[in-house]
Amino acid sequence: MSLRMISKCSSLFGSVGTKELKRLRESLIPRHEPVLLLASFSQDASTDSTVCRSHELKLNQEKQTVAHMMERWRCRFESEGISEPKDSIELIMAHVLGTTKIDALKSQHQRELVEEEIQKLEQLGECRLSRMPVQYIIGEWDFRDLKLKLEPPIFIPRPETENFVDHVLQRIDCSKSPQRGLEIGCGSGAISLSLLHSVKNVIMIAIDTNPHACELTLRNARELALGENLILLNATLNKDAALEIKSECHNPKSHKNFAENLDFIVSNPPYIPTENIFKLQLEISLYEDIRALDGGEDGLKLIKPILKFASRRLKPGGFLLLEVDSSHPEKIKDLVRDLYANELSFDFTHKDFRDVDRFVEISKTV
Ligand SMILES: C[S@@+](CC[C@H](N)C(=O)[O-])C[C@H]1O[C@@H](n2cnc3c(N)ncnc32)[C@H](O)[C@@H]1O
């Protein structure tokens, strides 16, 4: 399967015709492929697909109302093994009707769709059949109190990361000001922008190796009017923990010495061990940037340089919070003890809302 082709399909809603999307999907997606849940959607109480088939025949002869079209697409999604078929079509229909509120759909159930809406629905429905995540189809997603613009292949923020931000907020000392934090791998900007939204006396330096992620973070920062205390760099944290700055994307107050004497460092790095990358659901492996996910052989490829970087660049009393794989906390504890016993101390492992060990908290001692 070609990620490039799928990405092309994903970014060209306007110019790729429905027939082309159908052909592309048929050539790329094995029909029997199991699909897992992507993110925060609730599990759908699905109905029997035989009921769907006979229902669809009937629906084809009926009016093209919102309710009928939603039922038709729900059945199609279900029969093609798309996860969360009901949530998927509700979100897509709401988008087609120009609302983000699922509740608003109910009042429009009997309204007939106009030709333009039917075509848009067809096109977006085909994208979902091609396993494109709904977040990319509708182009935005709620993260905590923020509505973020999203586009493939930039990583879709996960619900666990909302928990992660809670832990960061609990640890930031609001009595001292201003607090300077660095985020390594900002993606769409979810973490940094949430912190800037919640804490007034924080300056966030957000970096990402992917220039498109930086562009998206900047677009979100501007839309949300959160750019004032944001410094955004297209930069890579290298294996040897050197920060390679490629360009300064946003630095409204011309700050210098960005990444020294930091009060805190946060990161949701790529942490999936390489061998698990190809076991991911198609929604992820086809559409999301592999470099945002692949943590190397042990999943610690970026975590190791982050520890080294933190040991040098945090202020005494500063902290590092990481989102990691559930197998990582013990390994990270060992690394801190073996390599940085004089500079860092491993404080806590926190669980996410699924009760999985997910976040590690580390302090700079001297
Ligand atoms: C899992 S995503 C997290 C994105 C965002 N923070 C979130 O939680 O939604 C990891 C991000 O790290 C970036 N990244 C990967 N390796 C990097 C490196 N060596 N230096 C800087 N950023 C990196 C990727 O481009 C990706 O955007």
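User: Which elements each supply at least two residues of the shell around the ligand?

Analyst: Start with the terms. Helices (H or I, at least four residues) and strands (E, at least two) are DSSP runs, numbered from the N terminus. A residue is near a molecule if its C-beta atom, placed from the backbone, lies within 6 Å of it. Here, α10 (190–198), β4 (202–208) and β5 (230–237) each supply at least two shell residues. This is a predicted model: local features need pLDDT of at least 70, side-chain atom pairs count only at pLDDT 80 or more, and totals for chains, interfaces and linings use all residues. Residues are numbered from 1 along each chain as its sequence is written.

User: Which residues come nearest to the ligand, and what classes make up the shell?

Analyst: The ligand has 23 residues around it, and Pro 157, Gly 185, Gly 187, Asn 268 and Ala 292 come nearest. Now the classes. Ala, Val, Leu, Ile, Met, Phe, Trp, Tyr, Cys and Pro count as nonpolar, Asp, Glu, Lys and Arg as charged, and the others, Gly among them, as polar. The shell holds 13 nonpolar, 8 polar and 2 charged residues.

User: What is the strand order in the open sheet?

Analyst: Strands of a sheet pair through backbone hydrogen bonds, either parallel or antiparallel. Two strands pair if DSSP finds at least two bridges between them. The open sheet here has 8 strands, in the order β6-β5-β4-β3-β7-β8-β10-β9, and its pairing is mixed. At the edges stand β6 (243–250) and β9 (344–351); each has a single partner strand, so one side of each lacks a neighbour in the sheet. On average, neighbouring strands are turned by 20° against each other, direction ignored. Look at one pair: β3 (residues 179–184) and β7 (residues 262–267) run parallel, joined by 3 bridges. Gly 181 has Phe 264 of β7 as its bridge partner.

User: Which strands does helix α15 touch?

Analyst: Contact means C-beta atoms, placed from the backbone, within 7 Å. Helix α15 (residues 328–339) packs on the sheet and touches β9 and β10. Its direction makes about 170° with that of β9. Such angles run from 0 to 180 degrees between N-to-C directions, with axes fitted to C-alpha atoms, for helices over the stretch in contact.

User: How many residues lie between the strands in the hairpin of β1 and β2?

Analyst: That hairpin has 2 residues between its strands, and Arg 144 takes a positive phi near 50°. Strands β1 and β2 (residues 146–149) run antiparallel, with 4 bridges. Trp 141 is bridged to Leu 148 in β2.

User: Is Met 93 buried or exposed?

Analyst: A residue is buried if 20 or more other C-beta atoms lie within 10 Å of its own, exposed if 12 or fewer, and partly exposed in between. Met 93 counts as buried because it has 24 C-beta neighbours inside 10 Å. Met 93 sits in helix α5 (residues 85–96). Beyond four places in sequence, Met 93 touches Val 66, Met 70, Leu 105 and Leu 121. Compare Asn 234 in strand β5. With 19 C-beta neighbours inside 10 Å, Asn 234 counts as partly exposed.

User: Which residues have the most contacts inside the largest nonpolar core?

Analyst: Nonpolar side chains tend to be buried together in soluble globular proteins. A nonpolar core is a set of buried Ala, Val, Leu, Ile, Met, Phe, Trp, Tyr and Cys residues joined through C-beta atoms within 7 Å. The largest one here has 88 residues, and Ile 92, Ile 265, Ile 303, Ile 306 and Ala 310 have the most contacts inside it. In the whole protein chain, 40% of the 366 residues are buried.

Notes: Two residues are in contact if their C-beta atoms, placed from the backbone, lie within 7 Å.
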